[in-house]
Amino acid sequence: MAELIVALDVQTRAEAVEKVKAIGDDVGFYKIGLELFTAEGPDVVKAVRDLGKKIFLDLKFHDIPRTVERAVRSGGKLGVDLMTIHSVGGKAMIRAAADAAAEFGPTGPRILAVTVLTSLDQTDLEDVGIVGRSPADQVSAMARFAVANGANGLVCSPKEVGTLSAALPKGTLFITPGVRPAGSAVGDQKRVATPADAVRDGATHLVVGRPILAAEDPVAAAKRILGEMR
Ligand code: C5P
């Protein structure tokens with residue numbers, strides 16, 4: 001059964017706690033990203049954990065292996081469940097992240113790799129020296145590379161998850177943002193899929209922000225998405 005993760009894209013710890021309480025028991029997993037973490041730090045992670053929720057700490061590490069290893073260890077000590085790294089950080093960096101996470105055992109953090117940011121197109125890739133590979137080919141290559149070097153899963157668009165889940169070992173995690181329930185506002189997302197499509201194509205976790213956070217009735221919105229996932 002795929003899990004729903006709500007992206008806690010707010011600016012303060014108070015707002016974060018208020019949203020988590022308002023959404024209630026239906027959602028057990030929250031994503032804390034750069035905006036909220038930079039503003040509020042580990043305290044916001046602890047506050048959401050204290051409400052009994054699991055945490056996806058989405059800070060997309062990309063640094064030398066030793067630094068990433070130590071940052072992942074810090075995340076493990078905070079008790080987070082999922083963390084992200086950039087696969088372009090290289091083999092040694094991915095292994096260092098995976099090894100640091102493994103120190104926390106089966107309930108420790110799982111490491112997810114970002115392959116190619118969905119904001120980048122072919123020209124952007126060429127600008128940084130990736131020539132002769134389409135974004136889709138680069139996504140597939142980096143996904144295999146990251147998993148072969150110890151990443152537990154991938155962050156990917158719902159349009160990619162079918163191909164990737166067919167190509168990668170069983171047990172790989174696939175986390176897909178860009179999910180919109182049928183008939184809801186797309187916002188600035190360009191390549192969206194419904195919760196049912198994403199799950200059918202192999203997503204293990206769906207990340208949904210505005211369709212729940214900005215809903216008049218967030219509880220009903222979460223229930224509707226969970227229903228579509230089932
Ligand atoms: O509000 P919405 O459902 O679009 O939020 C999606 C969340 O997933 C946001 O936190 C966004 O930063 C994140 N995300 C994304 N697309 C990616 C990677 C992350 O939408 N390619």
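Predicted model: local features only at pLDDT ≥ 70, side-chain atom pairs only at ≥ 80, totals over all residues.
I begin with the ligand. For Lys 31, the distance between a polar side-chain atom and an oxygen atom of the ligand is 2.9 Å. How much of the ligand's accessible area does the protein cover? On its own the ligand has 460 Å² of accessible area, and the protein covers 78% of it.

The residues around the ligand include these three, Asp 9, Lys 31 and Arg 180. Among the others are Ala 7, Thr 118, Pro 177 and Gln 189, and the list also includes the run from Val 207 through Val 208, Gly 209 and Arg 210 to Pro 211.

I now move to strand E4, which spans residues 82-86. Is this strand mostly covered or mostly open? It is mostly covered, with five of its five residues buried. On one side we find Leu 82, Thr 84 and His 86, on the other Met 83 and Ile 85, and both faces are covered.

Which strands are joined to E4 by bridges? One is E3, residues 54-61, which runs parallel to E4 and is joined to it by three bridges. Another is E5, residues 110-114, also parallel to E4, with five bridges between them. Leu 82 takes part in both pairings: Phe 56 stands opposite Leu 82, and in E5 the bridge partner of Leu 82 is Arg 110.

Together, E3, helix H4 (residues 65-78) and E4 form a right-handed β-α-β unit. From E4 the chain then crosses through helix H5, residues 91-102, to E5, and this β-α-β crossover is right-handed.

Finally, a word on Leu 34, a residue of helix H2, which covers residues 34-40. Leaving aside residues up to four places away in sequence, Leu 34 touches Asp 58 and Leu 59. Leu 34 and Leu 57 are 23 residues apart along the chain, and their C-alpha atoms are separated by 8.7 Å.

Thank you for your attention.

How values were computed. Residues numbered from 1 in each chain as written. Heavy atoms only, no water. Helix = DSSP H or I, 4+ residues; strand = E, 2+ residues; numbered from the N terminus. Contact = heavy atoms within 4.5 Å. Buried < 20%, exposed > 50% of the residue type's maximum accessible area, 1.4 Å probe, protein only. Pairing = 2+ DSSP bridges. Right-handed = clockwise from strand over helix to strand, strands pointing away. Near = heavy atom within 4 Å. Polar contact = N/O pair within 3.5 Å; in protein donor to acceptor, adjacent residues only side chain to side chain. Areas by Shrake-Rupley, 256 points an atom, 1.4 Å probe, with all protein chains shown as cover.
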